[in-house]
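Q: Please take a close look at one part of this structure, the salt-bridged helix, and then connect it to the rest. I'd like the cut-offs spelled out as you go.

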Amino acid sequence: MNRGEIDGLFCPICIEAWSTEGEHKMCCLPCGHIYGLSCIKKWLRQRRSNGKCPQCNRRSTLKDIRVLYAARLCAVDDRLHKQVRALKAKCDSLEKKNTDYCNKEVRFLEREADLCRKLQMLTEEKKSLERLLEDRQRESQGSSQDYQRRMIKDIGSGSQSCSGIFKQQGEFRVDGGRFFDIDASGQLIIVARRLNGMGGMNLLTKISLVAPNEREDIQLPENTKAVRALCVKPDTRLALLASLGKKLSVVRKQHHCSYL
Ligand SMILES: [Zn+2]
Ligand SMILES: [Zn+2]
């Protein structure tokens, strides 16, 4: 046991508890140090004590001893008191924080529920827009197929329905077109074009009458001059073209390459 542990609980001379009655009852010297009565008497009678308090060496005699009439001594530790007060303040502050967090949590839960509702609404709106888009796509596909069916029908019955009156079936844009020819099936047009924006490049463009947006550009040999006339063989891989410089060329398309 160290001094702090026995201080105020045991007689510092014999390290025994002091009593309220009898020889070892509680007593003190004028310096304030407390002992069991028999122990301090014995100590002061000894020569080597020189009549001094064993703890602080203040001079004392047997007459100075005062009996303490108390059942037990209990002193409040001020440091502990301060600690308790600090802990209580901390506890109060934590309780307040906890209340704040609880309130915040309630608000967050309400906000989360609100956002969930909004998300659901937006999801439904998205589905409805997707359905609308699908309907529109179906409609536009339908009208494009109608056009193709009409063209195929008209092309197929072209020779019989020759009433002498032309009716417009459709129109589409062709940039830089100079001359054109149509293949034997009557479903493909080959247009000789000159592109202004690309250094006056000459090329042939294959356009499907059934689906006018399906086009294929066919590059002509580099030295080809401006085309003045065009004639296409039925399989569309051979074309006869007259170009400036009094030249008549036969071009054949093979895969993506052109040959004379
Ligand atoms: Zn003692
Ligand atoms: Zn003392």
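**Along the helix and beyond**

A: Lys126 counts as exposed, at 51% relative accessibility (exposed means over 50% relative accessible area, buried under 20%, partly exposed in between, with a 1.4 Å probe and protein chains only). Bear in mind that this is a predicted model, where local features need pLDDT of at least 70 and side-chain atom pairs count only at pLDDT 80 or more, while totals for chains, interfaces and linings use all residues; side-chain values use heavy atoms, with hydrogens and water left out. Residues are numbered from 1 along each chain as its sequence is written, and chains are lettered from A and ligands numbered from 1 in the order in which they are written.

Back to Lys126: its salt-bridge partner is Glu130, with the closest N and O atoms 3.2 Å apart (a salt bridge being a side-chain nitrogen of Lys or Arg within 4 Å of a carboxyl oxygen of Asp or Glu). Glu130 is partly exposed at 38% relative accessibility.

Lys82 is exposed at 51%, whereas Asp78 is partly exposed at 47%.

Arg138 and Asp135 also both lie in helix α3, 3 residues apart, about one turn of the helix. In their salt bridge the closest N and O atoms are 2.7 Å apart, and Asp135 is partly exposed, with a relative accessible area of 34%. Shared partners also join Asp114, Arg117 and Lys118 into one salt-bridge network. The structure holds 10 salt bridges.

Now the metal site. The zinc ion (ligand 1) has Cys11 (SG), Cys14 (SG), His24 (NE2) and Cys39 (SG) as protein donors, lying 2.0 to 2.4 Å from it (donors are N, O and S atoms within 2.8 Å of the metal, or 3.2 Å for Na, K and Ca; water is not among the atoms, so sites may look incomplete). The angles around the ion run from 88 to 123°, which makes the arrangement tetrahedral (four donors count as tetrahedral if all angles lie between 85 and 135 degrees). Because His24 is in the loop between α1 (3-6) and β1 (26-28) and Cys39 is in helix α2 (residues 37-45), the pair ties together parts 15 residues apart in sequence.

Both His24 and Cys39 are buried, with His24 at 15% relative accessibility. Leaving out residues up to four places away in sequence, His24 touches several residues, including Glu16, Trp18 and Leu37 (contact means heavy atoms within 4.5 Å).

Finally, the sheet: 4 strands make an open, antiparallel sheet in the order β4-β5-β6-β7 (two strands pair if DSSP finds at least two bridges between them). β4 (177-182) and β7 (215-219) are at the edges with a single partner strand each, so one side of each has no neighbour in the sheet. β7 pairs with β6 (residues 201-208) over 5 bridges, and Glu216 in β7 is the bridge partner of Lys206.

Methods. Helices (H or I, at least four residues) and strands (E, at least two) are DSSP runs, numbered from the N terminus. Four donors count as tetrahedral if all angles lie between 85 and 135 degrees; four count as square planar and six as octahedral if opposite donors are over 155 degrees apart and all others between 65 and 115; anything else is irregular.
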